[in-house]
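Let's take a walk through a protein model together, with an eye on its rings and strands. Have a look at the picture first, and then we'll go through it bit by bit.

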Amino acid sequence: MKSTLIMAVFMAFAFVGCQPKVQELNVKNEKVTANSENWDITVNRSMFSSADANVNKSCEVLNKKIEKFVNDLQDSLKTDANEFFQTWQGSGEERPAWIYELQVGDSVFIANDQYVSVRLIVYTFTGGAHGITNFYTFNYDVQNQKFLTNQEILNYTNETQINTQLKANFKNPEGCFTTDPTLKDVTAVNFNKTSVCFTYGQYVLGAYACGVAEVAVPRTALKNDLLIK
């Protein structure tokens with residue numbers, strides 16, 4: 001009996017030792033600035049790479065996807081700004097003192113040879129009382145070169161249970177937010193090794209002054225409703 005137990009323990013450790021080790025990716029920050037009389041742009045974004053050739057090839061797919069998205073944001077803002085300020089030329093009216101602004105940053109939640117989860121934070125000012133901050137998510141399966149939808153990360157058929165966890169983990173100490181977070185209203189979903197982060201943009205759960213809401217739900221609380229491992 002004792003020898004059987006020792007053998008079982010040995011086999012368990014041997015099995016764990018044979019499991020492939022997760023390799024962290026190299027994450028490098030790239031900063032781009034550009035400006036004109038009509039617009040001002042600042043981009044700080046992460047680029048991913050690996051010493052492993054196959055993993056690095058997959059990283060290039062992710063990098064190009066994010067790069068195109070950010071370039072499209074810049075091109076759109078430049079076009080809108082130039083068209084707007086062109087209307088003031090020859091009009092006899094005084095040109096506005098402000099210009100269009102675009103600021104792009106990101107938050108990397110996880111970056112290894114299995115998954116990358118990154119959230120872009122995009123601030124845009126096009127006139128008015130204040131600018132707007134939007135969030136865009138890139139959740140990426142590195143091994144399969146596949147961008148994951150929220151429905152591929154979470155079990156939407158059990159939305160009620162997920163909403164229960166969102167409400168239980170929502171921190172609103174000042175009571176500014178007037179609406180409970182739900183899966184239906186989430187702006188961005190990201191994940192790391194221990195939790196899933198649900199981001200709610202301005203106006204979603206309360207007034208503009210309340211800002212952005214983030215709810216971190218432990219992976220263990222989501223149980224089988226978390227579809228990724």
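Arg95 lies over the face of Phe85, 4.1 Å from the ring centre. For a charge to count as sitting over a ring, NZ of Lys or CZ of Arg has to be within 6 Å of the ring centre and within 35 degrees of the ring normal. Lys65 gives you another case: its charged end sits over the ring of Phe147, 5.4 Å from the centre.

Before going on, keep in mind that this is a predicted model, where local features need pLDDT of at least 70, side-chain atom pairs count only at pLDDT 80 or more, and totals for chains, interfaces and linings use all residues. Residues are numbered from 1 along each chain as its sequence is written, and side-chain values use heavy atoms, with hydrogens and water left out. The pLDDT is the predictor's confidence in each residue, from 0 to 100. Here the protein chain has a mean of 91, and 91% of its residues reach 70 or more. Over residues 1–18, though, pLDDT stays under 50, and the model has zero contacts there beyond four places in sequence (a contact means heavy atoms within 4.5 Å).

Back to the rings. Phe85 belongs to an aromatic cluster with Phe84, Trp88, Trp98, Tyr100 and Phe125. Rings of Phe, Tyr and Trp (its six-membered ring) pair if their centres lie within 6.5 Å; planes under 30 degrees apart are stacked, over 60 edge-to-face, and the rest tilted. That rule gives 15 aromatic pairs. Why is the pair of Phe84 and Trp88 edge-to-face? Their planes are at 65°, with the ring centres 6.2 Å apart. Tyr140 is buried, at 0% relative accessible area, while Phe147 is partly exposed at 26% (buried is under 20%, exposed over 50%, partly exposed in between, with a 1.4 Å probe and protein chains only).

Now for the strands, which are DSSP runs of E, at least two residues long, numbered from the N terminus; two of them pair if DSSP finds at least two bridges between them. β4 (residues 115–125) and β5 (residues 132–141) pair antiparallel over ten bridges, and Arg119 has Thr137 in β5 as its bridge partner. Next, β5 joins β6 (residues 146–147) through two bridges, again antiparallel. Asp141 is bridged to Lys146 in β6.

Note on methods. Helix = DSSP H or I, 4+ residues; strand = E, 2+ residues; numbered from the N terminus.
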